[in-house]
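Please walk through this protein with me, from its overall make-up down to single side-chain pairs. Keep the model open as you read.

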Amino acid sequence: MSTKEIVQHVGALLDLAGVLVIAVGVAVATAVFAVRCARTRQVVAHYRAYRQGVGRAILLGLEFLVGGDIIRTVAVSPTFTSVGVLGLIVLVRTFLSFSLEVELDGRWPWQGRTPADRPSVGARPQR
């Protein structure tokens, strides 16, 4: 097996991992949302947490998909055209990631958290 074939397979595996992360993340978030709604009968109260779960799954999946694109483009066919197409793909996915981050956290990724958002040292994780 040649190096190009190995790199192609690694890129395809990263793409598959990205799709699986998104699909499983959405399924888990939906199941948790359904259980919470069935338990409390309050859909609106759990909707934000559901959106955050779906958004996090999409963000993580996008990272895997970008990684697969980068590996295949740079290692297999580093032509000017393919690198340009990769740049556009990464630009669009980065915009989507930033948009999702703002949607989930209500702030830009480079903005610091407020002191109320930061866990204190030795604090127990929230449940």
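The mean pLDDT of the protein is 84. Of its residues, 87% reach 70 or more. Confidence is highest in helix 1, residues 3-40, at a mean of 94. Among the elements, helix 3, residues 80-105, is lowest, at 83. Where pLDDT is low, the predicted coordinates should not be read in detail.

Now the overall make-up. The protein has three helices and zero strands. Read from the N terminus, the order is α-α-α. The protein has 127 residues, and 22% of them are buried.

Start with helix 1. How far apart are the end C-alpha atoms of helix 1? They are 55 Å apart. Helix 1 has 38 residues, and at 1.5 Å a residue these should span 56 Å, so the two values agree. Several residues of helix 1 are buried: Val7, Gly11, Asp15, Gly18, Gly25, Ala29, Phe33 and Cys37. Part of their cover comes from helix 2, residues 43-76. Just after helix 1 comes Arg41, which takes a positive phi of about 60 degrees.

The structure holds one aromatic pair. Phe33 and Tyr50 form that pair, and it is stacked. The ring centres lie 4.6 Å apart, with 25 degrees between the planes. Phe33 belongs to helix 1 and Tyr50 to helix 2, so the pair ties together parts that are 17 residues apart in sequence. How do the two partners stand in terms of burial? Phe33 has 17% relative accessibility and therefore counts as buried. Tyr50 has a relative accessible area of 21%, so it is partly exposed. The cut-off for buried is under 20%.

Next, the charged groups. Side chains of opposite charge can pair when their charged atoms come close. The structure holds three salt bridges. Begin with Asp15 and Arg72, whose side chains meet at 2.7 Å, N to O. Asp15 sits in helix 1 and Arg72 in helix 2, so this pair ties together parts that are 57 residues apart in sequence. Both Asp15 and Arg72 are buried.

Arg72 also forms a salt bridge with Asp69. Here the closest N and O atoms are 2.9 Å apart. Asp69 and Arg72 are three residues apart in helix 2, so about one helical turn separates them. At a relative accessible area of 12%, Asp69 is buried. For Arg72 the value is 19%, and Arg72 is buried too.

Asp69 has another partner, Arg93. The side chains of Arg93 and Asp69 meet in a salt bridge of 2.6 Å, N to O. Arg93 lies in helix 3 and Asp69 in helix 2, so this pair ties together parts that are 24 residues apart in sequence. What do the shared partners make of these residues? Asp15, Asp69, Arg72 and Arg93 are joined into one network.

Arg93 turns up again around Leu62. Leu62 lies in helix 2. Its relative accessible area is 9%, so Leu62 is buried. Which residues does Leu62 contact, leaving aside neighbours within four places in sequence? They are Ile22, Arg93, Leu96, Ser97 and Leu100. Ser97 is 35 residues from Leu62 in sequence. In space, the two are 7.6 Å apart, C-alpha to C-alpha.

End with Ser82, which is placed in helix 3. Is Ser82 buried or exposed? Ser82 counts as buried, because its relative accessibility is 16%. Ser82 touches Thr73 and Ser77, not counting residues up to four places away in sequence.

Note on methods. Residues numbered from 1 in each chain as written. Predicted model: local features only at pLDDT ≥ 70, side-chain atom pairs only at ≥ 80, totals over all residues. Heavy atoms only, no water. pLDDT = per-residue confidence, 0-100. Helix = DSSP H or I, 4+ residues; strand = E, 2+ residues; numbered from the N terminus. Buried < 20%, exposed > 50% of the residue type's maximum accessible area, 1.4 Å probe, protein only. Contact = heavy atoms within 4.5 Å. Expected span 1.5 Å × (residues − 1). Salt bridge = Lys/Arg side-chain N within 4 Å of Asp/Glu carboxyl O. Phe/Tyr/Trp six-rings, centres within 6.5 Å; stacked < 30°, edge-to-face > 60°.
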